[in-house]
Amino acid sequence: MSDKKPPLRSQKWFNNPDDPEMTALYLERYLNYGLTREELQSGKPIIGIAQTGSDLSPCNRHHIELSKRVRDGVISAGGTVIEIPVHPIQETGKRPTAMLDRNLAYLSLVETLYGYPIDGVVLNIGCDKTTPALLMAAATVNIPAIALSVGPMLNGWYRGERTGSGTIVWKARELLAAGEIDDDGFLELVSSSATSVGYCNTMGTASTMNSLAEALGMQLPGSAAIPAAYRKRGQISYETGKRVVQMVHDDLRPTDIMTREAFENAVVVNSAIGGSTNAPIHLNAIARHLGVELDNDDWQRLGHKVPLLVNLQPAGAYLGEDYFHAGGVPAVIGGLLGAGLLPHPDVITANGKTMAENCGDKRTETPDVIKPIAEPMTKEAGFINLSGNLFDSAIMKTSVISEEFRDRYLSNPDDPDAFEGRAVVFDGPEDFHKRIDDESLAIDEHCVLIMRGAGPIGYPGGAEVVNMRPPAYLLKRGIHALPCVGDGRQSGTSGSPSILNASPEAADGGGLALVATGDRIRIDLRAFTANMLVEDAELERRRNALPDRPFAPPSQSPWQDIFREKVRPFSEGMVLDGATDFQDIARKST
Ligand code: FES
Ligand code: MG
């Protein structure tokens, strides 16, 4: 925050005494739908609402309603609203993957916020990739910005049991494969989780990223967890609109809030909530756009030993409404603060107060849903960062691996036991679906399923496919998960012992390009290594035999082509090469 109020950047367009002619040209067209000169020229902050809600984006669609309350808040605080359409990103609707569009929405919002008369912005976040895309854009442009979550759907129910978004799909898939339900039963079970407006009600990538936007300080405290359909959601929208006007007056910008310290807090909170493995990709990306250093080693170093407190599916039992009633993010942070586990209590947040001021006295209100720090779900619940001859960096979420696997391979530091298994390799998700139930692969509980060709280049944007189910004949025997390794991602709503986001990917020269079905794989979770036990000379021979552009089928659209040309690996946030050179661009131009 600077002491001196800078002039509003919108006045360069709408009220520039040095250039009355351009002022007139800029101004006249914004009058044509009823805005007045008073609203545009009297020094009222022009507040953009970055609108991610549309018919195409059901998870965020309720933002269309909520934006009316944001608008009321902005106007009541003396601002003027201009709503900004954002390139749509719907996790469940976009082919080949919504992840491909994160950077596209980022680019277009940067251009919009930079190139138009916007003084401050409300970021309508929600569905998985909308949150990072908007925070990345706010980071690059660096005008006062506040995030507003659309909120989760109400809890899903089926025959007296909670059914959570995404998580129920994995369960239904097993029931279908085992012949316990038919196709209609599958649809009925899965759609029971989609109860109302809002995003996934599990602790998937959406709840994770919305919680982390609050943990970073970019939302009003307590706002992330409010269910979309609750009246409080409308009320916090109004408060958010009011607050952003004051943030413009105070010149409180993303670089003031999203500091290295704020990211360290968010990494810790991610472990405590049992956050998605997509979080490191997205937070590493946002950080890079701010010039803050953050990598997968930080996630292990800061996050691995932090306990899991939030008992939400997929790691636990409950859903979004329960999370809200238990106190949401402030209760999690309050618990961490009380135990001295939040590294930086004094960071400033969007409401102008510190994290400690906002959350210091907050504690869980439903101890079964948000556990007190003394009785966590799991003691060490964060990610570990593995490396070896399969990849330089890959993430494993330890909170979802089974007790048995954890006890045997992770918890006891004196035990040298490491997991060894036979590799069964699939080239992309289509190959997996075609062959997984093929009994000639002879998959058993001593196998490691490997997926390659699923990274940012191989499957443009990176497929969410590394949560591979065991073959039907193993499911029938009660084996529900096998260790998985892949250069793609995993849905935040699933929970198998998976090593994900392997970087570099097979299509980018990574070691996964060389692994073959039948190789021995050794995964040592205590040493943080994952290797194929294959002689170097043999690996060299395999590398020389690779075709020109392995594991990278042709692009299907212009953006896919540009994206693949420019994209950095998952470990570097999947940002576009060169885009992170542009920082603080609004201030540089004023
Ligand atoms: Fe949109 Fe999960 S699919 S939030
Ligand atoms: Mg997802």
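This is a predicted model: local features need pLDDT of at least 70, side-chain atom pairs count only at pLDDT 80 or more; totals for chains, interfaces and linings use all residues.
Okay, let's start with a cut-off: a residue is called buried here if 20 or more other C-beta atoms lie within 10 Å of its own. Keep that in mind, because K362 has 20 other C-beta atoms within 10 Å, and that makes K362 buried.

If you skip the neighbours within four places in sequence, the contacts of K362 are G327, P330, A331 and G334. Now compare P547: K362 and P547 are 185 residues apart in the sequence, and their C-alpha atoms are 57 Å apart in space.

Let me zoom out to the whole protein. The C-alpha trace spans about 75 × 55 × 50 Å along its principal axes. In terms of secondary structure, there are 23 helices and 14 strands. Buried residues account for 55% of the chain's 590. And if you take contacts between residues at least 6 apart in sequence, 78% of them join residues at least 24 apart.

What about the inside? The largest nonpolar core has 162 residues, and L123, V332 and I450 have the most contacts within it. Take I450: leaving out anything up to four places away in sequence, I450 touches A423, V424, V425 and F426, then V485 and G486, and also L512 and V515.

On annotation: UniProt, in an unreviewed entry, puts a domain called "Dihydroxy-acid/6-phosphogluconate dehydratase N-terminal" at residues 44-358. In the model, that span is 49% helix and 9% strand, and its end C-alpha atoms lie 29 Å apart.

Two packed helices are described by the angle between their axes and the distance between the axes. Our example is helix 12, residues 260-273, against helix 14, residues 296-303: the axes come within 9 Å and cross at roughly 65°. That crossing is right-handed. Who makes the contact? From helix 12, it's E264, V267, V268, N270 and S271, and from helix 14, it's D298, W299, L302 and G303.

That's my tour, thanks.

Key:
Residues are numbered from 1 along each chain as its sequence is written. Chains are lettered from A and ligands numbered from 1 in the order in which they are written. UniProt positions are given in the numbering used here, feature names are shortened, and annotations may be inferred rather than shown by experiment. Helices (H or I, at least four residues) and strands (E, at least two) are DSSP runs, numbered from the N terminus. A nonpolar core is a set of buried Ala, Val, Leu, Ile, Met, Phe, Trp, Tyr and Cys residues joined through C-beta atoms within 7 Å. A residue is buried if 20 or more other C-beta atoms lie within 10 Å of its own, exposed if 12 or fewer, and partly exposed in between; C-beta atoms are placed from the backbone. Two residues are in contact if their C-beta atoms, placed from the backbone, lie within 7 Å. Axes are lines fitted to C-alpha atoms, for helices over the stretch in contact, and angles run from 0 to 180 degrees between N-to-C directions. A crossing is left-handed if the near helix is turned anticlockwise from the far one by less than a right angle, and right-handed if clockwise.
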